[in-house]
Amino acid sequence: MIYIDNKGINDPKTNLALEEYCIRNLPNGEDYILFYINQPSIIIGRNQNTLEEIDQDYIEKHDIKVVRRISGGGAVYHDFGNLNFSFMTDYDRTKLNNFKQFTAPIIKILNEMGVPAEMKGRNDIVVNDKKISGNAQFSSVKRMFNHGTLLLDSDLSQVAKALTVKMTKIKSKGHKSARARVANISEFLDQPMTTEEFKEKILKGIFAENPNFEKYNLTEKDWEGVYKLREEKYGTWDWNYGKSPKFDLKREKKFPSGIIDLRLNVKRGGDIESVKIYGDFFGKDPVEDIEKALTGIKYNKEAIIEALENFDLYTYFGQIEKEEFIKLVYGPDEE
């Protein structure tokens with residue numbers, strides 16, 4: 001295990017650029033861990049419609065940054081009381097959406113600290129049914145990472161104010177707000193600690209389990225690559241917000257793997273003119289492949305089945321049957 005030093009940077013655009021740079025450029029065959037603490041920010045999932053996830057007026061008034069990440073999942077709030085971790089490893093299909101495997105060391109250390117943490121649901125670490133950590137994944141052809149939050153002493157009042165909670169989530173979870181489902185780890189500690197002290201505690205625990213633990217300091221060339229990625233991608237409006245196209249049909253449903261929100265434009269002649277897929281699902285492959293396959297075909301069940309024939313939807317959306325997805329695209333609307 002190799003620890004990557006981020007030099008104490010708190011800028012979310014730089015930290016997300018650093019994470020992507022490392023997963024794409026550091027040598028294969030090694031396991032890495034990266035920690036970072038962001039200034040107040042909302043981190044948007046790769047497949048989400050940014051403007052539908054945030055309260056734009058509120059975040060502008062309170063100078064909260066908005067940055068899109070390359071992993072799936074939902075929007076999360078970061079601040080100085082939140083520690084972010086990222087485990088990087090070689091790609092293995094058995095690890096895809098296997099959040100329990102990646103978070104096991106963190107859960108073990110938390111329990112040793114007297115915090116009765118456990119993995120529960122799709123991708124959350126909870127204590128007494130209160131969420132203290134959410135996790136997401138990104139996979140390339142050769143490498144993958146699992147990253148997550150650790151809410152130590154975050155300003156949880158900002159979560160409900162800055163984020164717009166989808167009705168689909170409210171109905172499925174039976175909660176009225178995002179704030180009602182989250183808690184800070186500090187609530188379960190005997191002694192208070194800073195986020196930096198907490199990070200050192202987690203690092204020490206991981207080090208104890210990995211005798212060959214090393215530290216990696218990025219070279220000047222590495223940092224040039226990180227800053228270039230920040231400026232050309234994470235610092236742009238197109239990446240963080242993107243265009244939200246007009247649509248004729250909106251079809252949305254929550255599956256075990258997450259919410260899938262489909263937007264379609266259908267011509268008068270029955271052809272699908274354009275497709276956009278949003279959601280907080282987890283998948284390895286880009287949904288643009290599915291959007292492209294459905295664009296230009298007839299809007300009927302047979303054509304949709306044929307267009308999706310050679311796709312393994314698990315690598316795009318996680319746990320979902322192809323018949324269920326086809327029904328979402330073309331089936332009857334459901335309450």
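Predicted model: local features only at pLDDT ≥ 70, side-chain atom pairs only at ≥ 80, totals over all residues.
Helix α1 covers residues 12-25; helices here are DSSP runs of H or I with at least four residues, strands are runs of E with at least two, and both are numbered from the N terminus. Residues are numbered from 1 along each chain as its sequence is written, and side-chain values use heavy atoms, leaving out hydrogens and water.

A residue is buried under 20% relative accessible area, exposed over 50%, and partly exposed in between (1.4 Å probe, protein chains only). Because 11 of its 14 residues are buried, α1 is largely enclosed by the rest of the structure. Among the buried ones are P12, L16 and Y21.

E20 is also buried, at 5%, and its side chain forms a salt bridge with R24 (2.9 Å, N to O). A salt bridge is a side-chain nitrogen of Lys or Arg within 4 Å of a carboxyl oxygen of Asp or Glu. E20 and R24 are four residues apart in α1, so about one helical turn separates them. R24 is partly exposed, at 47%.

The whole structure holds 19 salt bridges. One of them pairs K215 with D5 at 3.8 Å, N to O. This pair links distant parts of the chain: K215 lies in strand β11, and D5 in the loop between β1 and α1, 210 residues apart. K215 is exposed at 53%, whereas D5 is buried at 18%.

Terms used. Expected span 1.5 Å × (residues − 1).
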